[in-house]
Amino acid sequence: MKFEKVYRYINPNTYINIFSKPHWYLEIQPELKEFFYDYDGIRDNKSTKWLDTRSEYVTMICEFLKANQILLASFGDDLDNDRLPIDAIVIHHSSTPPDSSIDVINTLGLIRLYAPYYSQRKNKEFGQPIWSNHTYKNRQTFVAYHYIVRQDGTFEHILQDAQIGWHCGDWNHNCRSIAICFLDDLKKVPPTRQALQTAKKIIRTYPHCKLLGHREVKLSTLCPGSLFLGNEGWKNILL
Ligand SMILES: [Zn+2]
C-alpha cells in the first residue's frame, strides 16, 4: 500500500498486517486507549509530540479506511431495530479543525465509538469484524451524526431519520434523537453565523423535537462547548 502522507512518529507499514485481521482493533488497544478512548478534547496538558502522534494515527487509519484496507464486516445485524419515535435533537461539535474532511469524522467514529464497543467482552460482537449497518455514498459509514454543518453553512446529510447515530453515549437518547454536529472546535467560541442559520433550518424540519446539547445529556462532556448554555448561550439562537 502506498501512503499519501509522510509519517514522522509511526510507521504505517507495520499496520498493514494488523488491519487485515477481523479483530484489528484489539491488537491496537494500547494506542487506541492512549489517544482516543474517553478523549473529549479537554486534555490540555499533552505535549506537541503526543498531539502530533495522535493526529498521525487519525491520518493513517483514514488512509487505510479510504483504501479499503481495514477488514470490516460486509453484513450484520440491523442495529436500527431499536429506533424509537424521535423527540429530541442533540447538538455536538466535532472538536476538530473546521476544514476536517468527512473521512476524518468517519475515522474518528470508527475508532472512538465502534472499536471500543467491539472491544468489550460483555458484548456479543466482541472480537468480530465491525459493522455499522449504515452507508453513506455507497460505503459503510461510522459517522455518528445525522447532519454535519460546516463553518460556511454547507452541510452533509449522513444518517437518515430511521437510523440510530451512536453520538451521545446513552443508547436510549441515541434511539430517540437526531444528531447535528458543527464541524468546528467550539470549546471557546460560538459557531459561525452561517453555520447557525443552517442548523436552525434543519432544526425547523423537526418541529416536535426538544433541543439539547450533548452536555445536557452526558454531564461529563463539555460538547458542544462552553458558550452553548446560559442566558447569552448560542442555544438560544437555535430555539
Ligand atoms: Zn458531542
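Reader: Does Tyr57 count as buried or exposed?
Author: A word on the source: this is a predicted model, in which local features need pLDDT of at least 70 and side-chain atom pairs count only at pLDDT 80 or more, while totals for chains, interfaces and linings use all residues. Residues are numbered from 1 along each chain as its sequence is written. A residue is buried if 20 or more other C-beta atoms (placed from the backbone) lie within 10 Å of its own, exposed if 12 or fewer, and partly exposed in between. Tyr57 has 23 C-beta neighbours inside 10 Å, so Tyr57 counts as buried.

Reader: Leaving aside neighbours within four places in sequence, which residues is Tyr57 in contact with?
Author: Tyr57 sits in helix H4; helices (DSSP runs of H or I, at least four residues) and strands (runs of E, at least two) are numbered from the N terminus. Phe35 is 22 residues from Tyr57 in sequence, yet their C-alpha atoms are 8.6 Å apart in space. Two residues are in contact if their C-beta atoms, placed from the backbone, lie within 7 Å. Beyond its neighbours within four places, the contacts of Tyr57 are Ile10, Glu31 and Phe35.

Reader: At roughly what angle do the axes of helix H4 and helix H5 cross?
Author: Two packed helices are described by the angle between their axes and the distance between the axes. Axes here are lines fitted to C-alpha atoms, for helices over the stretch in contact, with angles from 0 to 180 degrees between N-to-C directions. H4 (residues 48–66) and H5 (residues 102–118) have axes that come within 9 Å of each other, and the crossing is at roughly 100 degrees.

Reader: Is H4 roughly parallel or roughly perpendicular to H5?
Author: Angles under 35 degrees count as roughly parallel, over 145 as roughly antiparallel, 65 to 115 as roughly perpendicular and the rest as oblique. With the axes crossing at roughly 100 degrees, H4 is to H5 roughly perpendicular.

Reader: How do the residues of the contact of H4 with H5 divide into nonpolar, polar and charged?
Author: H4 brings Val58, Ile61, Cys62, Leu65 and Lys66, and H5 brings Asp103, Val104, Asn106, Thr107, Leu108, Leu110 and Ile111. Here Ala, Val, Leu, Ile, Met, Phe, Trp, Tyr, Cys and Pro count as nonpolar, Asp, Glu, Lys and Arg as charged, and the others, Gly among them, as polar. The division comes to eight nonpolar, two polar and two charged.

Reader: What is the radius of gyration of the chain?
Author: The chain has nine helices and seven strands. For 239 residues the globule rule (2.2 Å times the number of residues to the power 0.38) gives 18 Å, and the chain is close to that, so it is as compact as a globular protein of that length. Taken over C-alpha atoms, the radius of gyration of the chain is 18 Å.

Reader: Which residue does a cis peptide bond join to Cys223?
Author: Most residues other than glycine have a negative phi, and most peptide bonds are trans. The cis bond from Cys223 has an omega of about 5 degrees.

Reader: What is the phi of Asn138?
Author: Asn138 is in the loop between S2 and S3 and counts as exposed, with 6 C-beta neighbours inside 10 Å. Lys137, in the loop between strand S2 (135–136) and strand S3 (139–140), has a positive phi near 50 degrees. Asn138 is not a glycine, and its phi is positive, about 65 degrees.
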